[in-house]
Amino acid sequence: MSEHILVSIAWPYASAKIHAGNVTGSHLPGDICARYHRLAGDHVLMVSGSDSHGTPITVVAEREGKSPREVFERFHHGFLELFLRLGISYDLFTHTDTENHHRISQDFFLGLLEREYLYRQVQEQMYSETQKRFLPDRYVEGTCPVCGYEAARGDQCDRCNTLLDPKDLVNPRSKIDGSTPVLRKTEHFFLDLPKLARVGLTEWLQQGKEHWRPNVINFARHYVGEGLQGRPITRDLEWGIPVPLDSWQGKCLYVWFEAVIGYFSASVEWAHDQGKAEAWKDWWYNVDAKTLYFIGKDNIPFHAVIWPAELMGVERLYEDDPAKKLNLPYDVPANEFMNLEAKKISGSRNWAVWMDEALERYDPDALRYYLTVAMPETRDTDWRWDDFLHRNNDELVATWGNLVHRTLTFAYRHFDGQVPTPGQLADIDTGLLAQIEAGFEPIGQLIAACKFRAALGEVMALTREANRYLDEKAPWFQIKESQEAAGTTIYVVLKAIDSLKILFAPFLPFSSERLHQYLGYEGTLFGRSYTSTFEEGGGRVHEALCYDDSSASGEWVPSGLPAGQVLRQPEPLFKKLDDSLVEEELARIGGSSPSQ
């Protein structure tokens, strides 16, 4: 029975390029999940977008002497191109500066206000006397009071992940000019998290979370158990979504509050773009739908605690049926961090694998493969260039690619470019096909449980079994004695490859599509990603990444490859990499690691 699966992926700030840690942390695991569920026949909606507001963008804009809109639109366009090239198949990748997102975020605010989950409070906020303005939290840096990290941000410490208030910092300073800010009073709206904890949030976190990763659920329960405090959801800002109240000019919705609403607003936008205005409700009000949030561990409090609190507080939006409530997260499979050569990734020091540059030098599936086997699912992991070389050459090329190429080339040369008609299958023949067929269910379960490394490992293990079978049967010797015996072997291996193609497809969509064609199939396994421009009111337009699945024909089922099917001329699926790449790549990023 098919399910409705909402794949929600963390919204990247449109103020910096995307590196390998970003991709393996959220975008790639979400894409693997979505592609599997599409093959399994489920109804998938995969959404995200560029986080267009917030201080990271205004900091860059001030440094470059440009408007925040110019900055975010430049980076947003780069994201769209990157995801197209890397095969991240968003049904909609939009951004948060659309009229749709503004309206829905303001409606969330008003809904929480109406249900009395917001309150007003005068607070002291950092004020720059040199710049004559209140400083957004990220404009303030200082020493973390918890772990002593000297470059903690005003909203969160990147070392220990503690959520902070700027006035908690020791020795605070302005990120703009290094001056010492002072505290001044200003009034803001707060989300009443203690009240939301009492009316259901605490109970929800205690029930039915056995499938959550221990680090995620333990953090969330501890975070709530320590005693929640109200959290401000407005700020004195010029760039952002205005507070929808007459007397609150000059104040905007805090970016952390409105960015997570993007999962909902993007779903509504997608439905509108499809000409099915109510279709988004199949994922947001259908109690059987599963909503998954792919994020990095620094975003756990926002997605496992605060976003569920917002949803619980609003309860329903654009829905008249009082029996229906907005779906809370089914799972929040947060990943840990990926480092580079045993050191923390640092964009400012160019200590990173920038994905747009990597795609200029390496095939997307080679990158996707390594980012999966090195995915930081349960602990921090490390991108090592020598390991990337080894995984590509010894696994992708020598194990999977070699199995495919030597089998298809043999069939093309010795059996008139067709799938041979087999003789009687022996136990060794049926045994291999049965072993691979039996892998579909457990591998699918691993992917559905967001255990992507384990799933890919099982697929590669089956590939090694197919190689062992081919080496043992040795059709290059068999054909000298019996054309039928060799044909039976090649038939079995082609069937195995056809099944393995599907098992690899969520991880390696580009090479799986090419193999699908080499095996003589018409149509494609997956749909088509493309960029589109959408008009808004007032003459504004916005660019988005979209997905059309009308041509998709792939299914999560074992091979149905028939004897006699005409094959196409095969080419190698993967490229062997030269040993010199390690030295070249280390030289490209400076040859030595940055200080921590």
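**Exercise 1.** Identify the residue of β7 that is the bridge partner of G142, and place the strands concerned in their sheet.

*Solution.* The bridge partner of G142 in β7 is A152. The model is predicted, with local features requiring pLDDT of at least 70 and side-chain atom pairs counting only at pLDDT 80 or more, while totals for chains, interfaces and linings use all residues. Residues are numbered from 1 along each chain as its sequence is written, and side-chain values use heavy atoms, with hydrogens and water left out.

Next, consider the strands. Strands (E, at least two residues) are DSSP runs numbered from the N terminus, as are helices (H or I, at least four); two strands pair if DSSP finds at least two bridges between them. β6 (residues 140-143) and β7 are joined by two bridges in the antiparallel sense. The open sheet of three strands has the order β7-β6-β8, with antiparallel pairing. β7 (152-153) and β8 (170-174) each have a single partner strand, so one side of each edge strand is left without a neighbour in the sheet.

**Exercise 2.** Determine the strand order of the open four-stranded sheet and the residue that stands opposite F190 in β10.

*Solution.* The order is β5-β4-β9-β10, with antiparallel pairing. Its edges are β5 (133-134) and β10 (231-232); each has a single partner strand, so one side of each lacks a neighbour in the sheet. Strand β9 (residues 182-191) runs antiparallel to β10, and two bridges join them. Opposite F190 stands P232 of β10.

**Exercise 3.** Count the disulfides (pairs of cysteine sulfur atoms within 2.5 Å), and state whether C160 and C252 are buried or exposed, or lie in between.

*Solution.* The disulfide count is zero. For C160, the nearest cysteine sulfur is that of C157, 3.7 Å away. Accessibility is then classed as buried under 20% relative accessible area, exposed over 50% and partly exposed in between (1.4 Å probe, protein chains only). C160, at 26%, is partly exposed, whereas C252, at 4%, is buried.

**Exercise 4.** Which element gives the most residues to the lining of the second largest pocket?

*Solution.* A pocket is an open set of points on a 1 Å grid over the protein atoms alone, where a 1.4 Å probe fits, with protein on both sides within 12 Å along at least five of seven lines; lining residues have an atom within 4 Å of a point. The lining comprises 25 residues, with L163, L164, Y223, Q229 and R231 nearest the centre. β4 (118-128), α6 (214-225) and β10 each give two or more residues. The answer is α6, with three.

Notes. Disulfide = S-S within 2.5 Å.
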